[in-house]
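Work through the exercises below with the model open. Each task is followed by its solution.

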Amino acid sequence: MNTPKTLFEKVWERHEVVPETADTPAVLYIDLHLVHEVTSPQAFSLLREQGLKVRRTDRTLATMDHSTPTDPAEIAGRVPIKVKSAAEQIKQLEKNCAEFNVELLNLHSTQRGIVHVVGPELGATQPGKTIVCGDSHTATHGAFGALAFGIGTTEVGHVLATQCLLQRRPKTLAITVDGKLGKGVTAKDLILAIIGKIGVAGGTGQVIEYRGSAIEALSMDGRMTVCNMSIEAGARAGMIAPDETTFAYLKGRPKAPQGAQWDKAVQEWKQLCSDPGAKFDREVHINGNELVPMITYGTHPGMVMPINGQVPDHSGDSVFMKSLAYMGLQPNETLLGKPIQVVFIGSCTNARLSDLELAAQVMKGRKVAPGVRALVVPGSQQIKREAEALELDKIFTDAGAEWRESGCSMCIGMNGDTVASGHYAVSTSNRNFEGRQGAGARTLLASPATAAASAIRGCVADPREFINQ
Amino acid sequence: MEPIRLIKSKTVVLPYSDIDTDQIIPARFLTTTTKAGLGQHAFSNWRYLADASTNPEFILNQDSARGCKILVAGNNFGCGSSREHAPWALLDFGFKAVISTEIADIFRSNSLKNGLLPVVIDKENHAWLMANPGTELTIDLQNSTLTLANGKAVSFKIEGFARYCLLNGVDELGFIMNQLDTIQQYEQARA
């Protein structure tokens with residue numbers, strides 16, 4: 001009888017060109033390489049210096065998202081792009097992709113968007129694939145049962161030149177979430193609760209497999225939100241076994257298999273699950289019934305608490321107190337009712353159609369509180385069109401929120417979309433690090449429902465007051 | 001890449017855990033298309049005040065930090081983004097090694113590829129280093145030990161292949177390129 005295998009092991013072993021030994025890492029084959037403007041220029045320079053080509057242009061897809069403007073006037077060229085160095089970086093990617101014959105979703109492409117939104121949306125992300133990108137949130141694609149992880153620029157160069165990476169086999173961690181998420185509790189709250197439980201280094205050196213009834217009940221958008229933030233627990237990757245929800249999402253997408261190829265692919269994809277009795281290096285169990293909306297209060301995603309909770313008191317811990325000082329918060333303080341200045345609904349974590357629908361459900365017929373700037377940034381141009389077809393944009397703009405072009409925007413603030421020093425932002429993004437959304441900016445990470453509720457109230461608010469189901 | 005064997009230096013201590021790559025090099029400096037000159041922006045939000053003047057309180061701005069090649073930091077150093085600009089910035093600033101009890105995966109991988117030595121040691125010796133900034137250390141990569149001025153030797157773990165590459169200045173790309181025939185066979189078998 002064959003030894004039972006985990007989902008991770010099945011995908012890993014199918015991609016070992018050369019298995020690892022005591023002395024050398026595995027040579028791992030990469031099925032899909034996603035490229036963006038920030039982490040690729042120096043890799044293309046390396047290729048140029050060494051006279052190398054991109055080995056598999058058919059397995060390489062580039063988009064631009066981090067440095068791109070979200071102001072429609074800048075995109076259309078009616079006004080110059082505000083951040084000059086960002087504009088130059090965009091040009092450099094265009095030049096590199098043209099020279100090396102790499103498919104690029106450029107600034108004016110109707111398919112452009114955040115790299116971790118467009119990969120799945122185009123059907124390029126598929127179960128069982130190995131997927132890399134010079135971006136730590138590549139873990140997102142694991143929602144489809146792919147092994148997907150972030151790499152540095154040197155490794156971007158390795159994959160461009162050889163379609164392979166040298167990798168040591170990571171350990172495995174199973175996180176089982178049973179039960180059912182309650183009213184107003186989203187995939188974002190679930191992953192924040194997981195990070196709160198295992199810590200920001202709890203997944204280091206490991207690939208997480210999320211499983212259990214609460215995971216199976218999530219839409220693909222929700223699964224992507226969960227896998228996306230695996231890196232915030234330090235994990236190499238996050239994975240979820242593909243099922244009918246996965247297949248239904250992918251069917252008919254432009255880069256997904258078509259016709260007879262589709263049926264064959266689905267048969268193969270159905271094998272991609274952890275066998276009964278497969279051994280994980282570590283297991284964690286979470287009761288989904290007990291989860292509530294979550295919000296961060298500190299300067300990493302592990303500093304998280306229930307929306308109606310109190311900031312913990314670790315007054316003797318100087319690192320903890322430094323973090324609270326940056327946030328302008330005190331131990332035992334309640335965040336509910338705390339005035340805020342900015343709401344950001346967007347990012348590779350929470351800018352998909354269902355995220356925008358949830359935010360719109362809260363904002364419909366209401367107004368953003370005076371003194372609050374609310375920015376809604378769809379994850380891709382396709383999502384923007386889909387949202388507009390549903391007239392979500394009208395709900396947002398009627399409420400007084402800004403409706404923008406797609407991109408990473410205020411999650412990372414490279415394009416000039418930033419939060420001012422000292423201001424509080426309830427943000428649906430993934431990182432509340434010091435200065436992440438702008439020097440001195442104070443980020444409170446939460447779900448799209450919590451962000452929208454907070455925009456309406458003008459302070460940190462409980463989304464359950466706005467949600468009926 | 002230059003081979004690394006011995007690193008001798010005084011240490012500088014950043015007494016915080018979970019120092020993320022946004023602290024090491026804030027995102028506003030990532031619009032560059034080269035690797036050069038990032039050292040001036042290393043820890044920018046901590047090194048400079050709002051008016052862009054130097055923050056005299058910050059350890060890296062003090063005389064005691066000048067010329068230090070070894071950074072000692074709290075647990076989980078380098079967490080967050082995959083930006084290789086983080087090790088580029090630390091190397092350009094003058095660091096050759098980072099010591100912690102845990103170093104985040106992508107940062108560690110990026111560091112190894114650029115000749116910044118990530119050194120993971122046990123909690124007890126780490127606590128001593130954290131409490132004794134400016135101590136003189138010798139890091140011996142061949143033997144995977146760091147030696148204190150009083151002669152006490154502490155071993156550290158480093159993956160064998162990474163150590164081989166650092167000791168010999170081997171570029172991983174060359175190693176993979178040597179396997180191109182095998183890669184081609186793999187592709188043909190799967191096609």
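**Exercise 1.** Which residue forms a salt bridge with A:Arg436, and how far apart are the closest N and O atoms?

*Solution.* This is a predicted model: local features need pLDDT of at least 70, side-chain atom pairs count only at pLDDT 80 or more, and totals for chains, interfaces and linings use all residues. Residues are numbered from 1 along each chain as its sequence is written, chains are lettered from A and ligands numbered from 1 in the order written, and side-chain values use heavy atoms, without hydrogens and water. Apply the criterion: a side-chain nitrogen of Lys or Arg within 4 Å of a carboxyl oxygen of Asp or Glu. The partner is B:Asp22, with the closest N and O atoms 3.0 Å apart. The count between chain B and chain A is six salt bridges.

**Exercise 2.** Find how much area chain B and chain A bury between them.

*Solution.* Take the accessible area (1.4 Å probe) that the two parts lose on being put together, summed over both. Next, list contacts (heavy atoms within 4.5 Å). Chain A puts in 60 residues and chain B 49.

**Exercise 3.** Which residues of helix α11 (residues 259–269) of chain A are buried?

*Solution.* Helices are DSSP runs (H or I, at least four residues), numbered from the N terminus. Keep residues under 20% relative accessible area (1.4 Å probe, protein chains only). These are A:Trp262, A:Ala265, A:Val266 and A:Trp269. They lie on the same side of α11(A), because their arc around the axis (directions from the helix axis to the C-beta atoms) is only 100 degrees. Their cover includes α10 (244–250) of chain A.

Conventions:
Buried means under 20% relative accessible area, exposed over 50%, partly exposed in between (1.4 Å probe, protein chains only). Helices (H or I, at least four residues) and strands (E, at least two) are DSSP runs, numbered from the N terminus.
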